[in-house]
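Here's a quick briefing to read with the structure open beside you. Have a look at the model first, then work through the notes by topic.

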Amino acid sequence: MKFSIIFEAQLADPTAEREHQLFHDSVEQAVLAERMGFDRVWAVEHHSLKWYAHMSAPEIFLTWVAARTSTIRVGHGVVCMPFAFNHPARVAERAATLDLLSGGRLDLGAGRGGTEQETSLCGVDRDRTAQEVEEALRIIGKAWQHEELEYHGELIDIPPHPILPRPRQTPHPPLFLACSRTETLRQAAELGIGALVMGFAGPEAIAGMRTAYDAARAERRGDRLVSTEINDHFSVLCPTIVLDDRERARAVGLRGQRFFAQSIGHWYGGAGLPDEAVVEGAGSEQAAAELRQAAEQVVARLNEQRIPVRPTSTATFHADHAYGTADDAIAYVERLRAAGADEVMCLIQMGTVPQEACLETIRQWGEKVIPHFATDGRRTADLATGDRT
């Protein structure tokens, strides 16, 4: 089992001062994550999604994290690959540079960034996003495995050019795809790349998604592979707040998830703005019922033909996650492992979660949760000495 942290850079009150502090707080969390035994840090890419995700330049954030750390892997989870967001040759150049500077610690995920808010900013053709993501992955795979890149595809034409520099990892950093639906899981398997299961679906749904991914892998003929380097890694999201006080952890976690649900509903489904006024009793069963009711209201307003990643498919409003004590988190991760997770991506920095709760959650995972899943005593001993060689 691998363990990681994923950053959206969410902010309930996005003043410039709070936004600036948020990025420094996120770096502090990433540095602590390395010390506490996490394997990887992921950063999303979104544009103009105020409140929901202020992480618009993850390559800068990840470079800063890489400079402050020495062993933890740094991952794009994901780069928006439609060409008007990021030309695939530029993605290959930037990613290779970060891989070099980090000493070969980079992972590269691809996604669509397909909300109307984002695509209208950069002039992205929303009808071509899925095709452009796949074509971009093929271009990047070729760029990193040949002396010169030459590509003549349906959507883009690139005459022979060297793509410089070359990545540190041979033949290249592992490739991933953001997956929330059966069709994207099948696509990732057929392309020979890892799956980043970004939803809140929970262990039972994760098991079904793993079955779909494995079935597509078993049927893979090889004609759609984007590289000779196959990556079959299956990473799943795990919203979590872990504190000594179970009820406070649930209150903080459900409050954060309520904000996440409302903000994604706003940008993906045309719902109202996040209602941060709803705070008291956030950890109660009544709050969980209110969360489900809010989900039904949001889904009723969705124009699903215009939404590439639907809150219904990502199960954003599911409230059964790793909120509570370290023992609660261990029990939840056991369920994720049984469902087929190769990696647990901890979502801690939700828009209303205070920094002290984020840091304490990372400490609790490092001291109690991650060692429980170590295959030998090495990780526990390393934590005691502060070493992760």
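Helices here are DSSP runs of H or I with at least four residues, strands are E runs of at least two, and both are numbered from the N terminus. With that naming in hand, bear in mind that this is a predicted model.

**Cavity and pocket**

- How many cavities of 30 Å³ or more does a search of the whole structure find? The search turns up one.
- The volume of the largest cavity is about 30 Å³.
- Its lining is made of Glu-59, His-76, Val-79, Val-91, Arg-94 and Ala-95.
- Two elements, E3 and helix H3 (88-101), each put two or more residues into that lining.
- H3 is the top contributor to the lining of the largest cavity, with three residues.
- The second largest pocket comes in at about 390 Å³.
- That pocket has 20 lining residues, and Leu-11, Arg-18, Gly-351, Val-353 and Pro-354 are the ones nearest its centre.
- Helix H1 (16-35) and helix H12 (355-372) are the elements that supply two or more residues to the pocket lining.
- H1 gives the most to the lining of the second largest pocket, with six residues.

**Nonpolar core**

- The largest nonpolar core has 114 residues, and the members touching the most other members are Phe-38, Phe-61, Met-81, Leu-108, Phe-234 and Trp-365.
- Helix H8 (residues 246-269) gives the most to this core, namely eight residues.
- What does Phe-234 contact once neighbours within four places in sequence are set aside? Its partners include Leu-185, Ala-195, Val-197, Ile-206 and Met-209.
- Also among the contacts of Phe-234 are Arg-210, Tyr-213, Gly-340, Ala-341, Asp-342 and Glu-343.

**Cysteines**

- Cys-122 is partly exposed, at 30% relative accessible area.
- Cys-358, by contrast, is buried, with a relative accessible area of 1%.

**Salt bridges**

- Side chains of opposite charge can pair when their charged atoms come close.
- The salt-bridge count for this model is 23.
- One of them joins the side chains of Arg-73 and Asp-107, at 2.8 Å from N to O.
- Because Arg-73 sits in strand E3 (residues 73-80) and Asp-107 in strand E4 (residues 106-111), this pair ties together parts that are 34 residues apart in sequence.
- Is Asp-107 buried or exposed? Asp-107 counts as buried, at 1% relative accessibility.
- Another salt bridge pairs Asp-328 with Arg-246, with the closest N and O atoms 2.7 Å apart.
- Asp-328 belongs to helix H11 (residues 326-339) and Arg-246 to helix H8, so parts 82 residues apart in sequence are tied together here.
- Both ends of that pair are partly exposed: Asp-328 has 25% relative accessibility, and Arg-246 has a relative accessible area of 38%.
- Asp-320 and Arg-335 also meet through their side chains in a salt bridge, at 3.2 Å from N to O.
- Asp-320 is in the loop between helix H10 (311-314) and strand E10 (322-324), while Arg-335 is in helix H11, so to speak a link between distant parts of the chain, 15 residues apart.
- Asp-320 counts as partly exposed at 33% relative accessibility, and Arg-335 also counts as partly exposed, at 29%.
- Shared partners in salt bridges join Arg-210, Asp-214, Arg-217, Arg-220, Asp-232 and Asp-342 into one network.

**A loop residue to look at**

- Where is Ala-319? Ala-319 is in the loop between H10 and E10.
- Ala-319 counts as buried, with 18% relative accessibility, where the cut-off for buried is under 20%.
- In sequence, Ala-319 and Phe-200 are 119 residues apart, yet in space their C-alpha atoms are 8.4 Å apart.

Terms used. Residues are numbered from 1 along each chain as its sequence is written. This is a predicted model: local features need pLDDT of at least 70, side-chain atom pairs count only at pLDDT 80 or more; totals for chains, interfaces and linings use all residues. Side-chain values use heavy atoms; hydrogens and water are left out. A nonpolar core is a set of buried Ala, Val, Leu, Ile, Met, Phe, Trp, Tyr and Cys residues joined through side-chain atoms within 4.5 Å. Buried means under 20% relative accessible area, exposed over 50%, partly exposed in between (1.4 Å probe, protein chains only). Contact means heavy atoms within 4.5 Å. A salt bridge is a side-chain nitrogen of Lys or Arg within 4 Å of a carboxyl oxygen of Asp or Glu. On a 1 Å grid over the protein atoms alone, a cavity is a set of points where a 1.4 Å probe fits but cannot get out, and a pocket is an open set with protein on both sides within 12 Å along at least five of seven lines; lining residues have an atom within 4 Å of a point. Grid points are joined across faces, edges and corners, and a volume is the space filled by probe spheres set on the points.
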